[in-house]
Amino acid sequence: MSSDTPVSTSSGRDVQVNPRGIPKAAFIESVDAFLGGSDVEAEPELAKLNEMLAKYRFMEKSFAQKRAGLEEKMVEFKQTLDVLSLLEAKKEADETLVTNFELTETLYAKAAIEPVEEVFLWLGANTMLSYPPKEAQRLLTDKLETAQTSFENTKADLLFLREQITTTEVNIARLYNHDVKLRRERRLREAEEEK
């Protein structure tokens, strides 16, 4: 799917979507044309736009959480790759790695790590597997690249969503102002008719 691809909805209207299927909010050029006349009530359309705005805000919150999670994962992947590189360098030099590791938040222990033939990686869901260091590096590099691609897509989606939120808010304001104007005109006509 390319950027702003048209997609038909159940109502038969074509809606533009971004590459990951988020619908684009169309700017309302003419409120009268959008509503189908200058005397048409705006409330049903206002309700639809408010619902769409709530959906956009929910998506924005979800994508912001996803972005934060991906940032954490990328940092972990990079740190683990650095450790694997260090272990591989010590193995090639046939040296023991002396390090401090965290037991709790304020308690560390000193450890001497002999050259290793396998490392253990947490895969999630209480699953840990052993890998040769080179294979672990390839796996983590692939996961890091996937996370970076997902992170860039998420950032782009957040920017897209912010634009849609702004457009929808402007549309709501224009419809609301039209509705206020219409009600004022009706009151004035009714007041004239009563005289």
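**Entry 1: Terms and model**

I take buried to mean under 20% relative accessible area, exposed to mean over 50%, and partly exposed to mean in between, with a 1.4 Å probe and protein chains only. The model I consulted is predicted: local features need pLDDT of at least 70, side-chain atom pairs count only at pLDDT 80 or more, and totals for chains, interfaces and linings use all residues. Residues are numbered from 1 along each chain as its sequence is written, and side-chain values use heavy atoms, with hydrogens and water left out.

**Entry 2: Helix α2**

I took helices and strands as DSSP runs numbered from the N terminus, a helix being H or I over at least four residues and a strand being E over at least two. I looked up helix α2, which covers residues 43–92 and has 50 residues. From its first C-alpha to its last, α2 reaches 73 Å, close to the 74 Å expected at 1.5 Å a residue; the expected span is 1.5 Å times one less than the number of residues.

**Entry 3: Salt bridges**

I counted as a salt bridge a side-chain nitrogen of Lys or Arg within 4 Å of a carboxyl oxygen of Asp or Glu. By this rule the count is 11.

An α-helix has 3.6 residues a turn, so residues three or four places apart point the same way.

I then looked up Arg 162, which forms a salt bridge with Glu 60 at 3.3 Å between the closest N and O atoms. Arg 162 lies in helix α3 (residues 133–194) and Glu 60 in helix α2, so this pair ties together parts that are 102 residues apart in sequence. Arg 162 is partly exposed at 37% relative accessibility, and Glu 60 is partly exposed at 22%.

A further salt bridge joins the side chains of Glu 95 and Lys 90, 3.1 Å from N to O. Glu 95 is partly exposed, with a relative accessible area of 37%, and Lys 90 is partly exposed, with 22%. I also noted that salt bridges with shared partners join Glu 43, Asp 179 and Arg 183 into one network.

**Entry 4: Asp 157**

Is Asp 157 buried or exposed? I found Asp 157 buried, with a relative accessible area of 1%. This residue lies in helix α3. With contact meaning heavy atoms within 4.5 Å, Asp 157 touches Asn 18, Arg 20, Ile 22 and Phe 63, not counting residues up to four places away in sequence.

**Entry 5: Nonpolar cores**

I took a nonpolar core as a set of buried Ala, Val, Leu, Ile, Met, Phe, Trp, Tyr and Cys residues joined through side-chain atoms within 4.5 Å. In soluble globular proteins, nonpolar side chains tend to be buried together.

Which residues have the most contacts inside the largest core? I found Ile 22, Tyr 56, Met 59, Phe 63, Leu 161 and Leu 175, in a core of 18 residues. The elements giving two or more residues to this core are α1 (31–35), α2 and α3. Leu 175 touches Ile 28, Val 31, Phe 34, Leu 35, Ala 42, Glu 45, Leu 46 and Leu 49, leaving aside residues up to four places away in sequence. A second, separate core has 16 residues, including Phe 77, Leu 84, Leu 121 and Tyr 131.

**Entry 6: Leu 129**

I located Leu 129 in strand β6 (residues 127–131). Leu 129 is partly exposed, with a relative accessible area of 39%. Its contacts, not counting residues up to four places away in sequence, are Val 119, Phe 120, Leu 121 and Leu 123.

**Entry 7: Positive phi**

Most residues other than glycine have a negative phi. I looked up two residues in loops. Asp 94 has a positive phi of about 55 degrees although it is not a glycine. Asp 94 lies in the loop between α2 and β3 and is exposed at 63% relative accessibility. Ala 125, also not a glycine, has a positive phi of about 50 degrees. Ala 125 is in the loop between β5 (119–124) and β6 and is exposed, with a relative accessible area of 75%.
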